[in-house]
Amino acid sequence: MLEYVLYHSRCVFQDFHISDLDILRTAISANEEHGLTGFLHREAGYFVQYYEGPKDKVEQLTANLMRDTRHYDFTIIGQGQVEARRFADWSMGYSGPKTAQMGLDVQDDQDFPLKAAVVIDHLLGFAQRI
Ligand SMILES: Cc1cc2nc3c(=O)[nH]c(=O)nc-3n(C[C@H](O)[C@H](O)[C@H](O)COP(=O)(O)O)c2cc1C
């Protein structure tokens, strides 16, 4: 059984910032190594992130996130177990309010807007149900 966490936090930088790329670079490589998948969204000065994977790796990432100074007011809004991954193909998908993008590892973004909308609906709908 896999664990998941869904949280929101306040961004230190209100709009898309170069440090987002550092976050994504770390997330994409480290998450792949640790068997974590998920999605990061930023909007209106908030990050909303969902991640899932083995319990020990999820707990380690939560501990890292809690002391990361690129955001604050880290607030867990859902956590628990999932039988199957919700974001199986994404080491960390990403979207922002202006230029929505998927994770940097995605080569073909032709059909991105549709996919992102589906994922964001899923993420927010999921947040509302828990
Ligand atoms: C909004 C946000 C999202 C992040 N998402 C991830 C992530 O999905 N995976 C990851 O490994 N690090 C992520 N990080 C970075 C971690 O906080 C931390 O820097 C990273 O796990 C490396 O920790 P370490 O330097 O203690 O090894 C994120 C940071 C922020 C601010």
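In which sense do strand β2 and β5 pair, and over how many bridges?

Guide: This is a predicted model. Strand β2, residues 37–43, pairs with β5 in the parallel sense, and the pairing runs over three bridges. Two positions show where the strands meet. F39 stands opposite G93 in β5, and L40 has Y94 of β5 as its bridge partner.

The other neighbour of β2 is β3. Here the pairing is antiparallel and extends over seven bridges. One of the pairs can be named: T37 has its bridge partner in β3, namely E52. β2 and β3 form a hairpin, with two residues between the strands. A44 lies in that turn and has a positive phi of about 55°. In general, strands of a sheet pair through backbone hydrogen bonds, in either the parallel or the antiparallel sense.

The next step is the sheet as a whole. It is an open sheet of five strands in the order β4-β1-β3-β2-β5, and its pairing is mixed. Its edge strands are β4 (71–82) and β5 (93–95), each of which pairs on one side only. From one strand to the next, the twist averages 10°. In that order, β2 stands between β3 and β5.

How enclosed is β2? Six of its seven residues are buried, so the strand is largely enclosed by the rest of the structure. A residue counts as buried here if 20 or more other C-beta atoms lie within 10 Å of its own.

G35 follows α1, and its phi is positive, near 70°.

Of the 16 residues around the ligand, A27, A30, N64, D68 and R70 come nearest. α1 gives the most, with five residues. By class, the shell has nine nonpolar, five polar and two charged residues.

To return to the strand itself: β2 has a parallel pairing with β5 and an antiparallel one with β3.

Methods
Residues are numbered from 1 along each chain as its sequence is written. This is a predicted model: local features need pLDDT of at least 70, side-chain atom pairs count only at pLDDT 80 or more; totals for chains, interfaces and linings use all residues. Two strands pair if DSSP finds at least two bridges between them. Helices (H or I, at least four residues) and strands (E, at least two) are DSSP runs, numbered from the N terminus. Axes are lines fitted to C-alpha atoms, for helices over the stretch in contact, and angles run from 0 to 180 degrees between N-to-C directions. A residue is near a molecule or strand if its C-beta atom, placed from the backbone, lies within 6 Å of it. Ala, Val, Leu, Ile, Met, Phe, Trp, Tyr, Cys and Pro count as nonpolar, Asp, Glu, Lys and Arg as charged, and the others, Gly among them, as polar. A residue is buried if 20 or more other C-beta atoms lie within 10 Å of its own, exposed if 12 or fewer, and partly exposed in between; C-beta atoms are placed from the backbone.
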